[in-house]
Amino acid sequence: TPATPPASASGSSIVSIAQQYLGVPYVYGGSSASGFDCSGFTMKVFGAFGISLPHGTTSQYYMCRGVTTEERAPGDLVFFATGGSGIGHVGIYLGNGQFIHASTSSGVIISSLYESYYARTYLYAARLIEM
C-alpha cells in the first residue's frame, strides 16, 4: 500500500530536495550525504518528507503503484533492470525524460531515460505518493 505523504511532499519539492545532492559520491550501501547507493539516495530524499523507504530497489517498488509513461510525473520513481534480471536500479523522475540517481560511476547525477543504456534497461515508473 502506498504511503500517505505529508502535504509538503509534492513532485516539485521532491525534485528540489533530490537536486541538492548532485555530485555526492556513490558508496555501496550508503544512505547519507557523504555517499549514496541508488536506493539509499531515494531513501534519503523521501525521508526528508517523513516517508520511510526500505533500503533496496525491489522493496521500494513494492511500496509504489505503477504509472504509465503518459502518467509519469516529477517525483515518481523509475526502475531499471541493470543487473540482468529484476529491478537493479532506481532513480527519481524529473520530467522531460530526465531522472536523478546515484550512479555507480559518477555519484548523484541527472541522466536521460533516452540514453541507450537506460532506454534498454528501463522497466517501470511508479508513484510512491499521490501528488
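## Helix 1 and its cover

In this predicted model, the buried residues of helix 1 are covered by elements that include helix 2, strand 5 and strand 6. The residues of helix 1 that are buried are Gly 11, Ser 13, Ile 14, Val 15, Ile 17 and Ala 18.

## The nonpolar cores

The largest nonpolar core comprises 26 residues, and those with the most contacts inside it are Tyr 21, Phe 41, Val 45, Phe 46, Ile 92 and Val 108. Two or more residues of this core come from each of helix 1 (11-19), helix 2 (38-47), strand 4 (77-80), strand 5 (89-95) and strand 6 (98-103). Another core, of eight residues, lies apart from it and has Val 67, Phe 80, Phe 99 and Ala 125 among its members.

When its neighbours within four places in sequence are left aside, Tyr 21 is in contact with Ala 33, Phe 36, Phe 41, Lys 44, Val 45 and Val 108. Among these partners, Phe 41, Val 45 and Val 108 are listed with Tyr 21 as having the most contacts inside the largest core.

## The largest pocket

The largest pocket has a volume of about 160 Å³, and its lining consists of Tyr 26, Cys 38, Thr 82, Gly 88, His 89, His 101, Ala 102, Ser 103, Thr 104, Ser 105, Tyr 117 and Tyr 118.

Technical notes. Residues numbered from 1 in each chain as written. Predicted model: local features only at pLDDT ≥ 70, side-chain atom pairs only at ≥ 80, totals over all residues. Heavy atoms only, no water. Core = buried A, V, L, I, M, F, W, Y, C linked by side-chain atoms within 4.5 Å. Buried < 20%, exposed > 50% of the residue type's maximum accessible area, 1.4 Å probe, protein only. Helix = DSSP H or I, 4+ residues; strand = E, 2+ residues; numbered from the N terminus. Contact = heavy atoms within 4.5 Å. 1 Å grid on protein atoms, 1.4 Å probe; cavity = no way out; pocket = protein on both sides within 12 Å on 5 of 7 lines; lining within 4 Å. Points joined across faces, edges and corners; volume = space filled by probe spheres on them.
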